Amino acid sequence: MSHQTYKFDDIALTLPITQAARTTAQQFAHQLPYPQTAERVRLNTLCVLAVNDYLQIMGLPTDLKASDSWNPIMRLCADVADLELPGIGRLECRPVLLDQQIGYVPPETWEERVGYVFVQVDESLQEAKLLGFLPSVATEEIPLTQLQPLEDLIEHLASTFTLPVPELVNLSQWFTGIFEAGWQTIESLWNQPEIAPAFAFRSGNLLEDETNNQQETVVRRGKLIDLGIQIANQFVMLVVEISPQADQQTGVLVQLYPANNQNYLTPGVQLTVFDKSGAVFLEAQARSADNYIQLKFRGEPKEEFTVQVALHDACVKEHFVI
């Protein structure tokens with residue numbers, strides 16, 4: 001048993017469940033007349049949203065509204081937890097109860113699926129553990145020891161369909177003066193009305209960092225991120241700074257600043273760094289009087305990572321390679 005649990009934990013991936021996801025699951029559950037059905041829908045919804053987050057981190061498009069699990073009639077009539085992948089098909093996201101070694105797949109989901117991901121939600125509804133995947137099923141009960149790693153899911157989809165390749169920001173090219181569209185100098189961003197004047201009072205400190213007689217080259221660029229919360233044009237500024245380190249590593253500093261003439265970030269806005277597998281590497285969340293938040297780490301050449309800026313239902317991701 002201990003050996004099986006070790007292998008099981010080794011392939012699982014844990015992701016945070018957002019407050020927006022819990023709210024959506026609660027709203028769906030309230031639409032059902034029976035407590036047992038409502039709890040099933042709540043759990044299914046959280047699993048679908050967790051898999052949705054994972055696939056978006058991996059750069060794959062999803063369409064929640066086109067899924068049967070987002071259809072109130074289908075939620076009432078059938079035990080569905082599917083996620084529509086445009087141009088690919090439907091991926092089933094099955095919940096696994098805590099302390100269980102068996103996953104359940106209802107017969108109505110055995111067809112018209114491109115795969116099955118099994119998800120375990122903790123009691124506090126704060127985290128979802130993506131346990132693994134299977135390309136197909138033909139029985140209701142699935143021993144978890146049969147699950148394949150999530151990396152095999154991406155390979156399975158890639159071998160069957162043409163997957164979109166996420167556009168990577170090549171940080172190594174920044175050292176040679178080559179920058180992707182949208183990444184501007186801090187000075188040029190200051191001149192945009194979405195930034196000034198709230199950011200101006202911090203500009204002195206930012207410039208000091210670049211002119212601090214550092215012997216190593218430091219390159220910094222910023223990009224406006226539109227979160228579109230409640231009203232249009234809700235901007236924040238994402239700043240990425242890189243510097244060469246020992247052993248061919250690159251130092252990476254990721255910062256998030258308010259815009260729209262605001263002095264402070266909206267409380268609850270999150271800045272997260274994911275590694276190539278989709279696991280959370282670092283994360284920070286703005287409090288009530290934060291004028292910026294930041295994350296700092298080092299990476300190897302050709303290492304890939306994703307930066308996510310999120311608030312409520314809004315989520316923007318940028319994919320990088322060192």
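Visitor: Which strands make up the open sheet of four strands, and in what order?

Guide: The order is β9-β10-β11-β14, and the pairing is antiparallel. Strands here are DSSP runs of E with at least two residues, and helices are runs of H or I with at least four, both numbered from the N terminus. This is a predicted model, where local features need pLDDT of at least 70, side-chain atom pairs count only at pLDDT 80 or more, and totals for chains, interfaces and linings use all residues. Residues are numbered from 1 along each chain as its sequence is written, and side-chain values use heavy atoms, leaving out hydrogens and water.

Visitor: What makes β9 and β10 a pair?

Guide: Two strands pair if DSSP finds at least two bridges between them. β9 and β10 (residues 235-244) have eight, in the antiparallel sense, so they qualify. Val219 stands opposite Ile242 in β10.

Visitor: Which strands of this sheet are called edge strands?

Guide: β9 (219-226) and β14 (293-299), as each pairs on one side only. Neighbouring strands are turned by 20° against each other on average, direction ignored.

Visitor: What is the strand order in the sheet of five?

Guide: That open sheet runs β8-β16-β15-β12-β13, with mixed pairing. β8 (168-170) and β13 (280-285) each have a single partner strand, so one side of each lacks a neighbour in the sheet. β15 (residues 304-311) and β16 (residues 314-321) share eight bridges in the antiparallel sense. Gln308 stands opposite Lys317 in β16.

Visitor: Which strands does α3 lie across?

Guide: β12 (270-275), β15 and β16. Contact means heavy atoms within 4.5 Å. α3 runs at about 35° to β16. Such angles, from 0 to 180 degrees, lie between N-to-C directions of lines fitted to C-alpha atoms, for helices over the stretch in contact.

Visitor: How do you know what span to expect for α2?

Guide: The expected span is 1.5 Å times one less than the number of residues. The twelve residues of α2 (residues 19-30) should therefore span 16 Å; the end C-alpha atoms lie 17 Å apart, which agrees. α3 (residues 35-57) has 23 residues and reaches 33 Å, close to the 33 Å expected. Gly59 follows α3, with a positive phi near 85°.

Visitor: Which residues of α2 are called buried?

Guide: Ala20, Ala21, Arg22, Thr24, Ala25, Phe28 and Ala29. Buried means under 20% relative accessible area, against over 50% for exposed and in between for partly exposed (1.4 Å probe, protein chains only). Their cover includes α3 and α4 (72-77).
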